[in-house]
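Hello,

Here is the structure I promised to hand over. My notes follow below it.

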Amino acid sequence: MEFDFIIIGGGIAGTSAGAQLARLGTVCLLEAEPALAYHASGRSAALYEAQYGLPSTTALNRASKAAHETLDGGLLSPRGLMLLGAAEEEEAFAKDATDMHLDRLSPAEAQEMVPILNTDHIHAAAYHSEAWDIDTDRMVQHYGRQIRANGEVRTSTEVRKITRTTHGWTVETNNDTLHADTLINAAGAWADGIAAMASITPIGLQPFRRSIARMPAPGGHDVSHWPMLMGTNESWYAKADAGAWLVSPAEEDPVDTPHDAFAEDLTLAEGIARYQPFVTEEVTRVTSSWAGLRTFAPDRCLVIGPDPSDPSFIWCAGQGGYGFQTAPAASALLADLVADRPSDLERGTIAALSPSRFR
C-alpha cells in the first residue's frame, strides 16, 4: 500500500507527529504493541511544567501550552508543584527552586497545603501553581482520530525490514508491505534500532528505567487537590492519581536493550525510603507498581528533524520525560520542517533539536 508518510512508533511522539502530517498527506502509523501509548507514554507522570528541562525543552513546553489548553476542549487540570528539601540539601534546593521559578514557603505553610508533611524533617519548601495534570489518554486518542481522518493506525504491527528505494521507503511488517515517500522514526527506546534497520547511522540514544509505586491515599486523606511533591535534585516524587497516591524513586537506571520495563522491588524500596522522612504517614502497602523507559539523546535534548544523510528519514525521538508536555510544539516543528515552511520557534532552538548536531 502507498502512503505519503509512514510513522514507526505509536507513543505520544508518533501520534502527535502523525496528526500534524495528516494535514500534509496520507499517513500510516505502525505500532508493534496491541495499543497506542503502550510503553513510556502509557507510564508517564503526565505533568505539564513549563520550566522542566533544558532550554530547548522549555521552549517547546512554552510553545505547547496553548494547544494543551484547547485540544479536544482542553487537556489540563490544576495540580501545582511543591519542592521539598532537608537541612543538608539547602544549596541544591535553592538551585532547583530558582530553576523552576518556585516561590519559597515555610515548612508550616507547606504543611497547610499538604497535611501529611513532616515539618521536623523539612528544612525548606517552595511552590507554584503553574503545573497541571495532562489527560494523556485523551490526548493520544485525539491525535489518533486526526491520523485516521487521512490515513491509518495499525497496532500489533511489527516492522521487520526497511529498504530505501528510488522513490522513498519500503517497510515490511508482519502483516503487509508498505511504501511511502517519507519515513518518520518515532520508536522511542527502539529508535536507534529502527535507524540501523534503515541503514541510517544511530544517534546514541540511551533508555533509562524509571519506576513508580501506587498505594492508598496517605491516612485516608482526599489527595485530589494536593500538589505534586518533589525531592531536591528530583530524588523522588509523589502525586495523586485517581484517589490513590503515587511515589517514584525518580531513578535513571541505564538499560542496555530496550524492553517492556518492570519495577524492581529494591529500587522502589529505596525511593520510598527517600520519600518517607518528608511525611508523617508511613508507607505500609503498595497496591501495584510499574516502570517505563525514558530515552535521551547524548545531550538530553529532543531529536526532531531530517537526518542529514537522507532528508526523507525524519527523527522524532529522545523525548526523555518530556514527551507529553512538548508534543504539540515538537510535532508542529516536525511538520514545518517536512513542509519546508517557517517555524514559530527560534532558530537556536531548532538547531538544538536537529539531528545534524550529531553528524
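Which residues of α5 are buried? They are Thr 136, Met 139, Val 140, His 142, Tyr 143, Gly 144 and Ile 147. Buried means under 20% relative accessible area with a 1.4 Å probe, protein chains only. Helices are DSSP runs of H or I, at least four residues, and strands are runs of E, at least two, numbered from the N terminus.

Two points on the source. This is a predicted model, where local features need pLDDT of at least 70 and side-chain atom pairs count only at pLDDT 80 or more, while totals for chains, interfaces and linings use all residues. Residues are numbered from 1 along each chain, and side-chain values use heavy atoms, without hydrogens and water.

The buried residues of α5 pack against several elements, including α1 (12-21), α2 (55-70) and α8 (323-339). Contact means heavy atoms within 4.5 Å.

Next, the cores. A nonpolar core is a set of buried Ala, Val, Leu, Ile, Met, Phe, Trp, Tyr and Cys residues joined through side-chain atoms within 4.5 Å. The largest has 44 residues. Met 139, Leu 21 and Leu 334 are among those that touch the most other members. α8 gives the most to this core, with 7 residues. Leu 21 is in contact with Phe 5, Ile 184 and Leu 334, among others.

Last, a helix pair. α2 and α8 pack at about 85°, so they are roughly perpendicular (65 to 115 degrees). Their axes, lines fitted to C-alpha atoms over the stretch in contact, are 7 Å apart.

Best wishes

Key: Buried < 20%, exposed > 50% of the residue type's maximum accessible area, 1.4 Å probe, protein only. Axes fitted to C-alpha atoms, helices over the stretch in contact; angles between N-to-C directions. Parallel < 35°, antiparallel > 145°, perpendicular 65-115°, else oblique. Lists of a residue's contacts leave out its neighbours within four places in sequence.
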